[in-house]
Amino acid sequence: MDGLYHLMVYILQRAILPVILIGITIYYFFFRHVRYPRNLPRLGAEEGISWEDIKKKFESDCLSVFEMAYQNYSKKDRSVLIPVFGPNEEILLPPSALNWLCKQPDSQISSLAAQIDAIQLGYSLGNKYAYDPWGGYVTKAALNSIMEYSYEAVYDEVRAAVDACLGTDTDTWKEIELFPTCRLIVGRATQRLTLGDSPSGNPLCQDQDYITSCYGVLDGMLEVAGYLANTRRPFWPIFGPWASRPMSKKIKDLVTHLKPLYEERMGMIRKGTEAGSQTPRDILQKILSYAVKERPQEAKSLDNITRRIAVLNFGTMHQTTITLHNLILNLIGSDVEYDTISALRGEVRDVLGDGEGAWSKTVLNNMVHADSLARETMRLHSFIGRTVQRLVIAPEGVVAPDGVRLPHGAMVSILAHQAQTDPETFEDPLTFQPFRFSRPRGQSKDVQSTFVSTSASYLGFSHGRHACPGRFLVDTELKMITAYLVREYDLEFPESYKKQRPQNQWFSGFGIPPLDAKIRIRRRKA
Ligand code: HEM
């Protein structure tokens with residue numbers, strides 16, 4: 001009897017998982033699978049290439065898939081379905097639908113739902129950080145005023161971080177790994193703005209272990225997002241928690257670092273001194289003040305506030321680091337032809353004078369060459385391939401301008417890199433020209449525009465009402481770092497690069513810079 005019981009339990013245990021998986025699969029294919037309309041073309045159908053071959057192509061060479069979609073559909077004002085990373089598909093809308101897409105109400109075509117699917121915060125950090133993203137709203141509202149107040153502090157941090165990473169030896173050239181260096185510099189500068197100065201003295205951003213801990217959480221979030229992007233949606237509830245297992249240790253580590261500052265700041269709020277003249281003006285304070293008033297349970301939990309900071313760091317640090325990495329490679333790579341470094345040195349002298357100068361909005365606006373260098377970097381070396389990514393949540397779907405019904409559950413977007421390198425818009429579009437956007441009017445057909453002004457041909461920060469609000473901070477950090485680097489350092493590539501910038505690669509839909517790139521630097525003599 002006992003044997004029979006154990007046999008039954010054994011069979012049930014062995015069968016239960018396959019039965020659940022088969023059940024989910026049937027449910028997904030019959031009830032949840034996105035039903036694309038017949039009049040939506042599938043990439044490859046008209047070109048005589050099978051869907052499977054296009055899918056394989058996306059994995060090995062996503063840029064050529066984007067290029068085929070752009071030339072054959074986007075340029076002809078037609079939507080098209082393409083395979084993207086893992087088991088997923090996406091509807092690419094043509095650039096002519098950009099303004100229409102940006103104006104769609106969030107209740108029909110949702111930016112937040114797209115972000116939840118792409119970043120997977122629900123699994124890496126918890127559902128409330130995904131579905132109630134008040135930290136982002138608080139940051140969006142407060143960022144510009146905090147920044148204006150913090151120029152000197154952030155520049156101070158940039159100087160200290162660059163000195164610490166590159167050294168101050170004026171006699172010898174030093175070879176450094178560029179990507180980890182960019183991580184540290186961006187990490188410190190960004191955290192100085194996020195956490196400000198501790199009232200008791202030591203800014204936490206100067207603790208290298210803390211910065212490492214921030215990137216530990218960020219990398220963990222990227223791993224969860226990458227893992228789930230490769231998994232079919234109905235299996236997310238099973239594999240999401242599994243993929244997120246390392247997160248709690250990483251968060252705990254961040255909690256340990258943030259604890260003293262959190263207690264200090266909450267103490268100020270409790271005593272009411274927060275309202276006085278000593279009010280710290282940084283993002284942490286805005287977040288804590290909001291939480292105390294609007295989400296009191298969260299305010300009391302250091303773990304919750306730490307997760308809010310982790311979400312924020314994902315926005316502030318990840319793509320900024322990649323952009324700085326690309327920018328420095330472009331600065332050095334374009335120097336032979338455009339004398340980029342000395343042109344920028346001249347600009348820094350003109351705008352800031354020979355001393356440290358005082359940073360302000362006017363100074364930033366006057367750095368037109370540095371601005372152009374950054375915009376040209378985002379144009380040619382953007383990280384994202386598709387932009388204005390949205391999930392259709394209207395139950396009955398939405399009809400796009402070309403008459404195609406975008407069904408419920410479909411992810412839609414617009415190609416960014418192709419629009420930014422279209423020869424109809426840009427002269428010699430695949431060549432990096434650092435001063436493309438700062439040349440006097442009339443010297444080229446490229447429109448003069450700034451780093452922060454988004455448009456149909458500049459989509460790295462997206463466009464419309466959800467366009468990245470952090471781009472003003474990125475602008476500030478990149479200009480400060482560029483100014484300090486060119487003024488204080490000589491920069492070059494290792495000899496083996498033969499003065500050529502190592503190229504970016506496109507895979508999984510993203511433009512990834514060469515993360516093992518090295519540069520040589522030497523401090524300039526005063
Ligand atoms: C080079 C660095 C960055 C790039 C390329 C970038 C790019 C983007 C993109 C493409 C979006 C999606 C917009 C949409 O859905 O239409 C976005 C949203 C957002 N970004 Fe950034 N970002 C960067 C840095 C930052 C920084 C430094 C911050 C914060 C200070 C930030 C805060 C945000 C927020 C809060 C949103 C959500 C906006 C909304 O949904 O309304 N980002 N960013």
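Tutor: On a 1 Å grid over the protein atoms alone, a cavity is a set of points where a 1.4 Å probe fits but cannot get out, and its lining residues have an atom within 4 Å of a point. The model is predicted: local features need pLDDT of at least 70, side-chain atom pairs count only at pLDDT 80 or more, and totals for chains, interfaces and linings use all residues. Residues are numbered from 1 along each chain as its sequence is written, and side-chain values use heavy atoms, with hydrogens and water left out.

Student: Which element gives the most to the lining of the largest cavity?

Tutor: Helices (H or I, at least four residues) and strands (E, at least two) are DSSP runs, numbered from the N terminus. Here α8 gives the most, with four residues. Both α8 (178-195) and β12 (518-523) supply at least two.

Student: Which residues line the second largest cavity?

Tutor: Among them are L258, Y262 and I309. Both α11 (247-271) and α14 (302-333) supply at least two residues of this lining.

Student: Which protein donor does the iron atom of the ligand have?

Tutor: Donors are N, O and S atoms within 2.8 Å of the metal (3.2 Å for Na, K and Ca); water is not among the atoms, so sites may look incomplete. The only protein donor is C468 (SG), at 2.3 Å. C468 is found in the loop between α19 (417-420) and α20 (471-488).

Note on methods: 1 Å grid on protein atoms, 1.4 Å probe; cavity = no way out; pocket = protein on both sides within 12 Å on 5 of 7 lines; lining within 4 Å.
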